[in-house]
Protein chains: 2
Amino acid sequence: MNVDDTIETRVLSAADALFYQYGVQSVGMDRIRDASGVSLKKIYQCFPSKGALVEAYLRRRDRWARTALEERVADHTDPESRVLAVFDWLYDWVDGPDFHGCAFINAFGELGAGSQGVVEAVREHKSAVRTFLRGLAFETGATDPDWLASQLSVLLDGAMSNASISDSPAPARHARSAARTLLHDAAVAADAPAESAAGPEEPPAGHEEPAAGPREPASTAPGG
Amino acid sequence: MNVDDTIETRVLSAADALFYQYGVQSVGMDRIRDASGVSLKKIYQCFPSKGALVEAYLRRRDRWARTALEERVADHTDPESRVLAVFDWLYDWVDGPDFHGCAFINAFGELGAGSQGVVEAVREHKSAVRTFLRGLAFETGATDPDWLASQLSVLLDGAMSNASISDSPAPARHARSAARTLLHDAAVAADAPAESAAGPEEPPAGHEEPAAGPREPASTAPGG
DNA sequence: CGGAATCGAGAACGAGCGTTCTCGCGTCCG
DNA sequence: CGGACGCGAGAACGCTCGTTCTCGATTCCG
């Protein structure tokens, strides 16, 4: 169907579908051969090892997600709508039949402590998304676009995990409404920086430190 | 050292440390035998298969996280402080040297589509945490404690993922500040339900629907 | 003391996987 | 026409892993 129907593309498409649905370690090269119709010999000519194929899979996902995000955001001009468009895109993706969580979070959890290339690809993707969010946050005139972008990034990842586990798109809505509240709060703080809306003990600027208690979870953790 | 030093406990402790740090599929039973000092024969007497050991590991993590959360929250009486204590606990955990993300998200991503027991354990844990959050949200007098609890759950999971990937405890702070904003917003909405603080087009109650665009991500997705 | 049960260490077994090699078969250039 | 090359299908190899079996050694109870 596609004009770009090279061997590399066919292998990558099959690997993407299988890796994303079943996980990397559960999918063998023979399954990729069966799904792509490309012999093992040619697969290993394009990708010298399974690890290289995994990294190419992640880079492909990164390109896809970034362009999809940018296209979806480009439909809006209002800064708030542009931010919320991210979460609308998330909803549509999460609501689709073949959503299985964030491929990068999954790959990191599965192979994190053992594959340098995977760690790099995951970090690159997440930091690219956050950079993109930072630009959107800056457009809204938020007082601290970096902080707001980090919060939005937390919402994005959390919504993907929650949606995958609960098998429901509702977390995308929860994240969207939370994002809207954060946007309004940042805008309110930018309009009236002298005082926040509520809270009897509130430093006017900056984000206060967490009160680090004496507990050390590692000592009582099961992993200790 | 521990009084409860049964064979089962020693096996579970070793399995917990290894599964959590390296992932389930990357750890073989021989490594658990070496780490626990319990022979394979006795391990298989306690746990009839590796899958059973994995499920016991997840249940143990569930008990640990729930009791740690409850203890930490019990130190506070103010409803807002009780909610924020959850994120302070998260910060301490995430900041520890042996934090490797959420064991349940990791296990689900790794084994999700293939192990019924794992899926059940993960869903039980996540729904238990959300029930706990719902109780805290109810105490704050929020208009929609269910919705607020879902938002907090998204923040929790997102902060764990972000912290694990970025290898930094900062996402816990981002989540905490976002949680505080959401709390204040919910309280404001409860105090003055007629009108929200900002936004020219705002339904006063309920959470609006996302504008589902004509795009279908599955068609342009790499997995399609 | 004696036999029976238990135990730990490790071999064994079967399966799966990543990667490479073999072997026919078709194809293309001289 | 002919030989060298490329190709796909699949076997083969080496490794790992989950699970079970073997085999001495130890221990426990009558």
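A polar contact is a pair of N or O atoms within 3.5 Å; within protein, one atom must be able to donate a hydrogen and the other to accept it, and residues adjacent in sequence count only if both atoms are side-chain atoms. The model is predicted, so local features need pLDDT of at least 70 and side-chain atom pairs count only at pLDDT 80 or more, while totals for chains, interfaces and linings use all residues. Residues are numbered from 1 along each chain as its sequence is written, chains are lettered from A and ligands numbered from 1 in the order in which they are written, and side-chain values use heavy atoms, with hydrogens and water left out.

**Surface near DNA strand C**

- A residue is near a strand or molecule if one of its heavy atoms lies within 4 Å of it.
- Chain A places Val27(A), Gly28(A), Met29(A), Leu40(A), Lys41(A), Tyr44(A), Ser49(A) and Lys50(A) around DNA strand C, and chain B places Ser39(B), Lys41(B) and Lys42(B) there.
- Sugar or phosphate accounts for 58% of the atoms of DNA strand C within 4 Å of the protein, and bases for the rest.
- Four nonpolar, three polar and four charged residues make up this surface (nonpolar: Ala, Val, Leu, Ile, Met, Phe, Trp, Tyr, Cys and Pro; charged: Asp, Glu, Lys and Arg; polar: the others, Gly among them).

**Polar contacts and elements at DNA strand C**

- Phosphate oxygens of DNA strand C lie 2.3 Å from a polar side-chain atom of Lys50(A) and 2.7 Å from one of Tyr44(A).
- From chain B, a side-chain N or O atom of Ser39(B) is 2.9 Å from a phosphate oxygen of DNA strand C.
- Helix H3 (40-46) of chain A and helix H3 (40-46) of chain B are the elements that give two or more residues to this surface (helices are DSSP runs of H or I with at least four residues, strands are runs of E with at least two, and both are numbered from the N terminus).
- H3(A) gives the most, with three residues.

**DNA strand D**

- Around DNA strand D are Ser39(A), Lys41(A) and Lys42(A), together with Val27(B), Gly28(B), Met29(B), Leu40(B), Lys41(B), Tyr44(B), Ser49(B) and Lys50(B).
- Of the atoms of DNA strand D within 4 Å of the protein, sugar or phosphate holds 60% and bases the rest.
- A side-chain N or O atom of Lys41(A) is 2.7 Å from a base oxygen of DNA strand D.
- Phosphate oxygens of DNA strand D lie 3.0 Å from a side-chain N or O atom of Ser39(A) and 3.5 Å from a backbone N or O atom of Val27(B).
- H3 of chain A and H3 of chain B are the elements giving two or more residues to the surface near DNA strand D, and H3(B) has the largest share, three residues.
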